[in-house]
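Dear colleague,

I am handing over the structure we spoke about, and it is shown just below. After it you will find an account of what came out of going through it.

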Amino acid sequence: MNKIKKILTGFLLISLLVLATALTWLYSKVDSALPLLDGKKTVFGLKNTAIIERDQQGIATIKAESRADIAVALGFVHAQERFFQMDLLRRNSAGELASLFGVIALDYDKSIRKHRFRDRARAIVAQLPQEQLDLVKAYTRGVNQGLKYLSSSPFEYLLLQQEPVQWSEEDSILTIFSMYIDLQYHDGKRERTLGLMKAVLSGDVYAFLDPKGSIWDAPIDGSQLSPAPMPKEAWPSATSVNLDGKNDIALANNTQLANKIANRYQGEHFPGSNSWAISGALTSTGSAILANDMHLGIRVPNTWFRASFEYPHITIAGLKSVTEQIKVTGATLPGTPNMVIGSNGHIAWGFTNSYGDYSDVIVLTTNADDSQYLTPTGYQDFTFHKQVIAIKGQKAQAITVKETIWGPVIGKNHQGKSLAYRWVAHDKEAVNLTATQLEQAKTVEQALDIAARSGIPAQNILVADKDGAIGWTIMGAIPIKKGAVGETPQSWSSGDNRWQGYLIPSDYPRIENPENNRLWTANSRVVGGEMYEKLGNGGYALGARAKQIKDNLLAQEQFDEQALLKIGLDDEAVFLQRWQQFILETVLTEQVLTQHNNFAQVKTLLTNPKVLRASIDSVSYRLVRNFRINLRDSVFFELNASLKNIDDAFNFNSIRHQIEVPLWQLINEQPKNFMMLGENSWQELFTKALTLTLKDMSTNQPLDAATWGQQNSSAIKHPLSSALPLLHYWLDMPSEALAGDSYMPRVQGKAFGASERMVVSPGHEIDGIFHMPTSQSGHPWSPYYGMGHSDWEQGIASPFLPGKTQYTLTLLSY
């Protein structure tokens, strides 16, 4: 017996020793992946010494003797702090995630490989102007040196049992392509959705469901477009639009989808942003002020990396050269060498995503064996490109990409016709580094000229300058379209429909110094008339956010940074106030209140005199918001299900913002010719939507405990924490109730919202404000991991400029 005890004791001690050794090894590996913060390192590629100073939050100030050396140092610090994030961005657009995550990412990789972005990135690098090529090469050298100086690979690779692959010049282009995928449709689903609706619905019904304008429109030029009238003829029944004989498909299967609470109440968020500017005529300093918050999915680490650049810039004035010291502060995108948004003391600039029409779906006419397709010059052979997808733990898979002269084949429509995709992202104009010139621009006019020559996913750019001027234009390539090229798929085989190159900078739409001294954009239609015709409609957001920002700007005559931040944090539910009245006046009739005793509490909640807000303690906001979603989904449920049965490419989410206009008209006019109601009467539909809303809110709790903050609690996670739940405590941000929602300036969902908030007046950066979620660092043991996140959550003003230096790293040249 004693012998057995000794053996067991020995085995236990050995096991503990092995475990302790393994944990010590693991700890040392993770610890040695921390970035260098202090000291001196020699870096290949530097021409002169560069200094990286970090403040308490890890915000980097990079000082160097040239812009190229800034790029080297920025690449170094990006790699040290964020290499895994950079790796995900390049793999995302290259369709190479399966090599890191295995078969779970294979279908996504296949869908992205149709665009052959790595091939396109190589071609773009090969034709970059020399100055831009030198910059991306310098950045690449810095990235690989930064990766080299990590004593261990970033900890994510240890968990994935992988090794990082070195950076290349094309990877910086792929990083920008990843933003194209985030900000524009890569699969044409909105155009395919509208095309199906146009094909199977009557003309008046389609026009009604695809309104051109609404009461929410707030373009900066004051132009107005009208929605279509209510269809007079009977709408088709749900089954009558099933063109391919699927009338026997039971809609009951789709009911399960509709009843998933998690899906039903997801925020209606648009990758996009808010931005507004006021001229110097409305400030005490005479300098204009810019505010910008870019809305993206939020995870750990955040999309952006805060930095400040200081370097000399030489310009030629006549026969003399003039050296000017540049200091520009703002946000960079790890993977790229430029300052994305910020202020340089002369100008400040920021973006919102433009939902102009930058892509088109083309209906192909093919020959009998589908080997050729018709073009304006006759039938041509398809071209084919083999793509090999590496898969972690499995053999690689080869796929073949089928292409036309216009772009890749992306599938077939409901009639079995092949579809090709024409997209700005496929052309050499899609990406360049011209935007780096904004760092040296001094006026609004100079900045707008730079914007018109820049290659990025098309953005509304707002610029404010030190002399008080403000301006707007589109930054990114704008295609020139001829013929019936617009919102729905068309044939291009005759040559009547086509793209005819890109707008030249002098033809770009722009607005400078409007009479009211105010500019604003929020992903909705920005302009009308000839400027609108140049941009087209690629799925603009409903104008509710833009209108609320506009109204807030017009309500004041003097502004400072705090006043503009207050607008950005506005969570008043202006958009839903009419829905609140609709419930009180139309849904909660005396007869309904008699039949449903629990509705009396709803009436009490909604007659509360407080303004309806998306505040964390509001039960009323959650109730009105969720009722609207339930009612909308019920009104369009049969139409949605029927169209999905016809063509799986139909995507209701791609048109959900425009649906608000016909929805409101339907529920108020309650037409009897709407044959897809699904209930015996409109009132019955309203009652069921409210009943479902209360049921979901009251599950395991009283109604008055069902606050908006309870539903809208943050879930900001590291990409690996879901697969490794034991690590979520160290990797993820703490869950907190969040104010704000989709249709108001303070856009905020569980893992979506302002990826930054910036308010800055050029020349007065000391008074500027900057918020950023998560933190600078991607390493959970960093001394500043999570710093600044609470200011972003709570809307507490925090400085735009970096603070006092806490860490200094000197990079020496060879």
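**What was found**

Gln-670 lies in the loop between helix 22 (660–669) and helix 23 (682–697). Please keep in mind throughout that this is a predicted model. The phi of Gln-670 is near 50°, a positive value in a residue that is not glycine, and Gln-670 is partly exposed, with a relative accessible area of 28%.

A positive phi also turns up at Asp-370, where the angle is about 65° although the residue is not a glycine. As background to both residues, most residues other than glycine have a negative phi, and most peptide bonds are trans.

Strand 10, residues 359–363, runs parallel to strand 20 and is joined to it by two bridges, with Ser-491 in strand 20 as the bridge partner of Val-363. Both strands belong to an open sheet of four strands in the order 15-16-10-20, in which the pairing is mixed; its edge strands, strand 15 (409–412) and strand 20 (490–491), each pair on one side only. Strand 11 (residues 372–375), for its part, pairs with strand 12 (residues 378–381) in the antiparallel sense over four bridges. A hairpin through two residues joins strand 11 to strand 12, and Thr-375 stands opposite Gly-378 of strand 12.

As for the whole protein, there are 26 helices and 27 strands, and the C-alpha trace spans about 95 × 80 × 70 Å along its principal axes. The radius of gyration is 28 Å, which agrees with the value near 28 Å that a compact globule of 814 residues would have. Buried residues make up 59% of the 814 residues, and of the contacts with a separation of 6 or more, 74% are between residues 24 or more positions apart. The accessible surface comes to about 32900 Å², and 53% of this belongs to carbon and sulfur atoms. Finally, there are 76 positive and 81 negative side chains, and the centres of the two sets lie 6 Å apart.

Key
Residues are numbered from 1 along each chain as its sequence is written. Side-chain values use heavy atoms; hydrogens and water are left out. The radius of gyration is taken over C-alpha atoms; the globule rule is 2.2 Å times the number of residues to the power 0.38. Buried means under 20% relative accessible area, exposed over 50%, partly exposed in between (1.4 Å probe, protein chains only). Contact means heavy atoms within 4.5 Å. Accessible areas come from the Shrake-Rupley method with a 1.4 Å probe; for residues, only the protein chains shown count as cover. Lys and Arg count as positive and Asp and Glu as negative; His and the chain ends are not counted. The place of a charge is taken as NZ of Lys, CZ of Arg, CG of Asp or CD of Glu. Two strands pair if DSSP finds at least two bridges between them.
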